[in-house]
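Have the sequence and the 3D view handy.

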Amino acid sequence: MGDKFERGPVTRRRRSTIAGAAAAALKQANGKSTAGKSIDEVNPDCNSKSYENVQDAAKRERVKHESQYYSKLSCHKQQESLLSSASGYSNYRGILNWCVVMLVLGNARLFLENLLKYGILVDPIQVISLFLKDPYSWPAACLIIVSNVFILVALHTERRLSMGTFSERFGAFVHFVNLSTVLCFPMSTVLMVDSMTPVGGVFALGVYTILFLKLFSYRDVNKWCREIRYTKARSLLRSLSYPAVQRSSGAVQAPVTYPGNLTHRDLYYFIFAPTLCYELNFPRSPRIRKRFLLRRLFEMLFFIQLMVGLVQQWMVPSIQNSMKTFQDMDYSRMIERLLKLAVPNHLIWLIFFYWFFHSSLNFIAELMQFGDREFYRDWWNSETVTYFWQNWNIPVHKWCLRHFYKPMLKRGVSKWVGQTAVFLASAFFHEYLVSVPLKMLRPWAFMGMMAQLPLAWFVGRFLRGNYGNAAVWISLIIGQPIAVLMYVHDYYILHFEGELPS
């Protein structure tokens, strides 16, 4: 009854087909051939063999239908557990949400504990004092205004070179002096001016470091353009120009060619654009999206206040309480303080990354209609240290690749030496941006950057997949607080040794 109910007319039709095929085969076996002879007369064994074949076909068909019927009743199949690597499952969105919830709850408890212990420490007036010691003295702002001199020197040098007034050798010398002064002049000013605060010094030196990289790229690209013009080449092998773009008004802007790019407007657009690599024709967006611009502006204002509040409320008390431990060289307490500082430091670093590389750079790009918005890639999925440094800061990575690493390879330098040189340059600028504003020469940032070389070798050779990604995260979470504590300890010893908490 169950078989009849489940199969219905389809089964009866199939049985009729099988029966008809069997009858036809039997009829052919017992009948006459087209030649008028009986099959038995031709082959006596054919009748029995044909009958057996029909029986086998009917049996196979019956077994097939039975297996299909019983498969409907089955609830098991061979498969791996979802958390096994062999299962191929990769949708862990719920677990990620759980981690976020646990992170928020854990940090909320720490924040509440901090609030009950220290009270409210956030002071907006104190932020202003970080930039200014004397309200009538603005050394950092004056330094930034003076940077226009170096921009104009680079522009007029390139104009002279394009007209042939300066020789290539003399132009290279002028650029060398100009770029060297870009690094040395603000450094000497920060070290000699007493009213320069550490935060103001970091801001001014950061602006000059960006200016150095931009003017270096500006010099290289114009030099390449002169080389191509002198050799009368028609194509630009270094991809210096970009196709004409369609404006929102419908007009098509013709691409700029050398030396038509040597204008104040062109250079200052590059100076303010969110890139370090110069091009004659940048990709441009067709219009300014006002809603997008306002969202980025809101994020900038919100996250900068959040970072300042976290530093004042969370990091400063932890650092102050760590000074006595470092002075006594209590190693167990030092490790405890380091781990305690790692959480707020890393959280602030992540907020800074989003604030700068997403909110701020996108705000500037949208305002200037700058089309290339690739300021970062998926560095959070890094399985090697090298992948992290190649993807977390794309503007710097592009500059190093275009103006430093590839030119070294063309001169016959090996890849390993080129990569080491890139890390050396990066280590120098990290130390430049930390030691000079603090007015004390310490090698901690330089050593931290150079330590990335053996770490990159170890992770790339012995760790793979999730283990490599975990190693990258651990180096970020633990490595930065170590450097912060080193510098803060030395700074407190030099300036506030008598004020250390007991």
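## Charges over rings

Arginine 289 lies over the face of phenylalanine 292, 4.3 Å from the ring centre. Arginine 219 does something along those lines, with its charged end over the ring of phenylalanine 216 at 4.6 Å from the centre. To count, NZ of Lys or CZ of Arg must be within 6 Å of the ring centre and within 35 degrees of the ring normal.

This is a predicted model, so local features need pLDDT of at least 70 and side-chain atom pairs pLDDT 80 or more, while totals for chains, interfaces and linings use all residues. Residues are numbered from 1 along each chain as its sequence is written, and side-chain values use heavy atoms, leaving out hydrogens and water.

## The core

Which residues touch the most other members of the largest nonpolar core? Among its 59 residues, they are Phe212 and Leu215. Helix α9 (residues 198–230) gives the largest share, 12 residues. A core here joins buried Ala, Val, Leu, Ile, Met, Phe, Trp, Tyr and Cys residues through side-chain atoms within 4.5 Å.

## Paired rings

The rings of phenylalanine 212 and phenylalanine 429 have centres 6.0 Å apart and planes at 45°, so they make a tilted pair. (Rings of Phe, Tyr and Trp, using its six-membered ring, pair with centres within 6.5 Å; under 30 degrees is stacked, over 60 edge-to-face, the rest tilted.) Phenylalanine 429 sits in helix α15 (residues 415–438), 217 residues from phenylalanine 212. Both phenylalanine 212 and phenylalanine 429 are buried, meaning under 20% relative accessible area, with exposed over 50% and partly exposed in between (1.4 Å probe, protein chains only).

Conventions:
Helices (H or I, at least four residues) and strands (E, at least two) are DSSP runs, numbered from the N terminus.
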